[in-house]
Amino acid sequence: MSVSTAPSQSVPVLRNSAFRVTNGVNRGDPVMIAEELLHDDIYGLVEDDTQHRLAIAYDRVRDGFVIAEDTEIGTPGADLAVDCAITMMSTDSSTCEILVLVEVDNNELAEIYLVPLAQLHPKMDYTLVGIDETAGAKRMSELACVSFTRSTMITMASGAQKPIEELRIGDRVLTRDDGPQQIRWIGQSTMRAVGSFAPICIKAGTLNNAGDLIVSPDHRLFIYQRDDALGAGRSEVLVKARLLVNGTSVVQQDGGFVDYFQLLFDSHQIIYAEGIAAESFLIDPHTRPALPEKLETALNQVIPSHSDSTHREFEVAESLVSGDAAETLRRASTR
């Protein structure tokens, strides 16, 4: 198998057996593929089940997604597809979307995984009110997007600091590798800050950042170590924000809503947010569905430079990040 070297995407999933029909036509059955689901069936969460980390990669030869080698669940190398997005309504009248992922082995359905986009609670009833077989890919791409949050201060080409929500297409932003670069597209979305979408807050000073930096969980930060504290084999590293969570100086902000912003340049860039280096939007098979259709022509010209991004070699393997990695990297970058 020839798997793309693009960064793998990890999402927290439940086995489908953890969410079963408690009342309805399919009573006792777990969530299945779209054609087997029935509206108005009532589901409940199995109390003792936990979420697992499913790692996803893109296989250029197969032109599709596969389960990556560093996964915690599933069969590495197996094909993976998004079957549908379902909407559940709880007894308190709130709604929750769940993505239904299918692992395929030899053209046969092997496993089904669920990606809840909001927290599911035991001892609560959830009624199936919506089944969408077209929205799944877009929602998955939103999970993969690297995003800054409202009020994040971005360093402009002039050195001035500007809130991300005030940026406009054509504005010139300072980049680490290519100097001033024009913004080609700005994405914005508002979503519930729960589960997979809950942002990570890196509090001011944690990584020598000037202010609190709040980003999406898989957003990668670029850090220069004076010595190789993580054992990555290099001093310059890219680390996903979620791997730095320590409960004190780096926390996941669960609850309410969050405004996410994406900045696209002609090529994948390292820019400066709240005074520290972080990546811009990277177009790859994971994220492309999140972009508007009107960019299709432009993407045909931009995609190659994104796909061949040299920044991949800087990403730190998840297995190397342990303990209080934020403090380890802070010390390594200052001493």
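## Surface and overall form

The accessible surface of the chain comes to about 14,800 Å². Carbon and sulfur atoms account for 46% of that area. This is a predicted model, and the values here are computed from it.

The chain holds 335 residues, and 50% of them count as buried. How does the radius of gyration agree with that of a compact globule? A compact globule of 335 residues would have a radius of gyration near 20 Å. The chain has 20 Å, so the two agree. Along its principal axes, the C-alpha trace spans about 65 × 45 × 40 Å.

## Strands, helices and contacts

The chain has 23 strands and 3 helices. Take the contacts between residues at least 6 apart in sequence: 63% of them join residues at least 24 apart.

Charge is another feature of the chain. There are 49 negative side chains and 28 positive ones. The centres of these two sets lie 8 Å apart.

## Helix 1

Helix 1 covers residues 136–144. Is helix 1 mostly covered or mostly exposed? Helix 1 is mostly covered, with 7 of its 9 residues buried. The buried ones are Gly136, Arg139, Met140, Ser141, Glu142, Leu143 and Ala144.

What do these buried residues pack against? Strand 1 (9–15) and strand 4 (52–59) are among them. So are strand 6 (79–90), strand 7 (95–105) and strand 8 (108–116). Strand 15 (185–192) is also one of the partners.

A disulfide is a covalent bond between the sulfur atoms of two cysteines. How many disulfides does the chain have? The count comes to 0 disulfides. Cysteine 84 is in no disulfide, and its nearest cysteine sulfur, that of cysteine 96, is 13 Å away.

The cut-off is 2.5 Å between the sulfur atoms. Cysteine 84 counts as buried because its relative accessibility is 0%. Cysteine 96 is buried too, with a relative accessible area of 5%.

Valine 146 lies in the loop between helix 1 and strand 10 (148–149). Its relative accessibility is 10%, so valine 146 counts as buried. Leaving out residues up to four places away in sequence, valine 146 touches Ser216, Asp218, His219, Phe261, Gln262, Glu279, Ser280 and Phe281. Valine 146 and arginine 184 are 38 residues apart in sequence. Their C-alpha atoms are 16 Å apart in space.

Aspartate 29 sits in the loop between strand 2 (19–23) and strand 3 (42–45). Aspartate 29 is partly exposed, with a relative accessible area of 36%. Beyond its neighbours within four places in sequence, aspartate 29 is in contact with Phe19, Arg20, Val21 and Tyr43. Phenylalanine 19 is 10 residues from aspartate 29 along the chain, and their C-alpha atoms are separated by 8.6 Å. Glutamine 119 is in the loop between strand 8 and strand 9 (126–132). Not counting residues up to four places away in sequence, glutamine 119 touches Tyr126 and Val194. Tyrosine 224 is 105 residues from glutamine 119 in sequence, and 36 Å from it in space, C-alpha to C-alpha.

## Two residues with positive phi

Most residues other than glycine have a negative phi. Which values do serine 93 and lysine 123 have? Phi of serine 93 is near 75 degrees, a positive value in a residue other than glycine. Lysine 123 has a positive phi of about 60 degrees, and it is not a glycine.

Where are these residues found? Serine 93 lies in the loop between strand 6 and strand 7. Lysine 123 is in the loop between strand 8 and strand 9. Are they buried or exposed? Serine 93 counts as exposed because its relative accessibility is 55%. Lysine 123 counts as exposed at 76% relative accessibility.

Methods. Residues are numbered from 1 along each chain as its sequence is written. This is a predicted model: local features need pLDDT of at least 70, side-chain atom pairs count only at pLDDT 80 or more; totals for chains, interfaces and linings use all residues. Side-chain values use heavy atoms; hydrogens and water are left out. Helices (H or I, at least four residues) and strands (E, at least two) are DSSP runs, numbered from the N terminus. The radius of gyration is taken over C-alpha atoms; the globule rule is 2.2 Å times the number of residues to the power 0.38. Buried means under 20% relative accessible area, exposed over 50%, partly exposed in between (1.4 Å probe, protein chains only). Contact means heavy atoms within 4.5 Å. Accessible areas come from the Shrake-Rupley method with a 1.4 Å probe; for residues, only the protein chains shown count as cover. Lys and Arg count as positive and Asp and Glu as negative; His and the chain ends are not counted. The place of a charge is taken as NZ of Lys, CZ of Arg, CG of Asp or CD of Glu.
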